[in-house]
Amino acid sequence: MLLPFRREGGFGADKAGGVPCGHLDVDDHCTIHDTLRRDGWSGCATFDCFGAGQHVSQVIYGGVSWREGANLGEMAAVLSVVRQLHEMLSHLAEVGRRAPDPDAARLSAEIVALTHAEPITLLTADLDTLRSRVSPVLRAATVRLHGRAQPMPADLVGADLAGADLSRADLRGASLVRADLRGAELARADLLGADLRDADVRGARLGQAWFVSQPQLNGSVGDGATTIPSQLTRPAHWADRSRAR
């Protein structure tokens with residue numbers, strides 16, 4: 001609601017941070033939610049705040065909603081920081097489920113404490129340094145369970161990978177925009193930060209892939225045969241795509 005967005009990012013207009021979206025009604029519902037993609041707002045359909053919005057309002061600002069806040073610019077900036085912290089926590093939680101590690105647990109506790117800090121502390125936090133500490137812990141978890149990952153090119157835009165065996169592939173940070181991944185095996189592949197916008201993952205096996213996020217699924221094209229991690233939600237537009245086939 002308060003974060004900035006730009007037209008080229010899949011939003012129908014440019015908006016500055018701290019400014020409410022023009023499509024919100026008085027109850028904070030999106031008035032074009034059912035037609036976001038058709039109306040040129042695919043960025044909204046892809047976005048996920050990782051629960052940061054509720055945390056910022058209820059915990060950091062003590063139950064004050066964005067409509068009641070005195071400084072929406074500050075609240076928007078805090079939301080941006082907390083969203084990034086929550087995303088890190090979601091990946092560390094995956095390590096905790098699949099390959100528990102004391103370093104991951106300590107980092108999680110540190111980040112949780114930071115998410116309860118005052119706005120000024122959050123706004124001055126060094127997220128780049130924190131991210132540089134989290135990244136190798138995530139990598140170590142995959143290596144601990146599966147050994148070294150299979151190297152892959154970083155630029156896979158539009159690549160034909162249909163039916164490919166990409167188990168244990170290192171796709172961390174790879175651009176898979178519009179890639180054909182139909183029926184691909186991605187068990188144990190590292191997808192941290194991979195760009196899956198408009199990637200065709202119909203029938204792909206993503207259930208055991210590492211560090212898959214909800215925004216990645218939301219931006220891709222899947223169907224009922226696509227397997228996904230149990231903690232994530234199957235995007236509604238996948239069902240629409242399945243019916244259209």
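Is His55 buried or exposed? Select His55 in the viewer: the residue is buried, with a relative accessible area of 11%, where buried means under 20%, exposed over 50% and partly exposed in between, calculated with a 1.4 Å probe on protein chains only. The model is a predicted one, in which local features need pLDDT of at least 70 and side-chain atom pairs count only at pLDDT 80 or more, while totals for chains, interfaces and linings use all residues. Residues are numbered from 1 along each chain as its sequence is written, and side-chain values use heavy atoms, with hydrogens and water left out.

His55 belongs to helix α2 (residues 52-60); helices are DSSP runs of H or I with at least four residues, numbered from the N terminus. Show next the residues in contact with His55 (heavy atoms within 4.5 Å), which, leaving aside neighbours within four places in sequence, are Ile60, Val82, His86, Thr115 and His116. At Thr115, the backbone oxygen lies 2.7 Å from a polar atom of the His55 side chain.

Now move to helix α4 (residues 102-114), whose end C-alpha atoms are 18 Å apart, in agreement with the 18 Å that its 13 residues should span at 1.5 Å a residue, the expected span being 1.5 Å times one less than the number of residues. Select Ala104, Leu107, Ser108, Ile111 and Leu114, the buried residues of α4. They cover an arc of only 120° around the axis, so they sit on the same side of α4; the arc is taken from the directions from the helix axis to the C-beta atoms. These buried residues pack against α3 (72-98), α5 (119-123) and α6 (127-146), whereas Pro102, Arg106 and Ala113, on the other side of α4, are exposed.

Definitions and conventions: Helix = DSSP H or I, 4+ residues; strand = E, 2+ residues; numbered from the N terminus. Polar contact = N/O pair within 3.5 Å; in protein donor to acceptor, adjacent residues only side chain to side chain.
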